[in-house]
Amino acid sequence: MTIQAKKKYRSDIAEAVHETASGLQRIGLLDAKTMREFDASCLTPVEPLTGRQIMALRRRAGVSQGVFARILNVQPKLVSEWERGEKKPSGPSLKLLSIVKARGLDALL
């Protein structure tokens with residue numbers, strides 16, 4: 001048995017539509033291309049963030065770089081580098097930041 005991470009949806013309706021489409025794909029009534037289109041339309045979008053945007057997210061949440069880093073499971077130095085524009089978040093970090101942007105820090109707690 002595998003444990004899957006809970007996906008973050010735009011809304012409860014989007015979640016219901018996505019789950020229905022997933023079921024249709026599992027039984028062969030929906031092809032992979034169409035399922036990817038459902039993924040794109042239902043799941044929280046991931047857009048690049050600037051250092052200023054990341055700093056604004058953190059400040060809006062009212063936490064230090066250290067606390068923000070701990071919540072995102074990254075090193076505090078990395079949050080500082082993002083905010084200064086020295087590095088850009090990617091992969092899971094960017095996805096988590098997108099969720100924070102859309103739903104606030106409480107969505108990760």
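**Exercise 1.** Which residues does Leu97 touch, not counting residues up to four places away in sequence?

*Solution.* Start with the source. This is a predicted model, where local features need pLDDT of at least 70, side-chain atom pairs count only at pLDDT 80 or more, and totals for chains, interfaces and linings use all residues. Residues are numbered from 1 along each chain as its sequence is written, and side-chain values use heavy atoms, leaving out hydrogens and water. A contact means heavy atoms within 4.5 Å. With that rule, Leu97 touches Leu49, Ile54, Leu57, Phe68, Leu72, Trp82 and Pro89.

**Exercise 2.** Find the residues with the most contacts inside the largest nonpolar core.

*Solution.* Such a core is a set of buried Ala, Val, Leu, Ile, Met, Phe, Trp, Tyr and Cys residues joined through side-chain atoms within 4.5 Å. Buried means under 20% relative accessible area, with a 1.4 Å probe and protein chains only. The largest core has 14 residues, and Phe68, Trp82 and Leu97 have the most contacts inside it. H3, H4, H5 and H6 each give two or more residues to this core. Helices here are DSSP runs (H or I, at least four residues), numbered from the N terminus.

**Exercise 3.** Work out why the buried residues of H4 lie on the same side.

*Solution.* Helix H4 spans residues 65-72, and Phe68, Ala69 and Leu72 are buried there. They share a side of H4 because they cover an arc of only 100° around the axis, taking directions from the helix axis to the C-beta atoms. Their cover includes H3, H5 (76-84) and H6 (91-103).

Technical notes: Buried means under 20% relative accessible area, exposed over 50%, partly exposed in between (1.4 Å probe, protein chains only).
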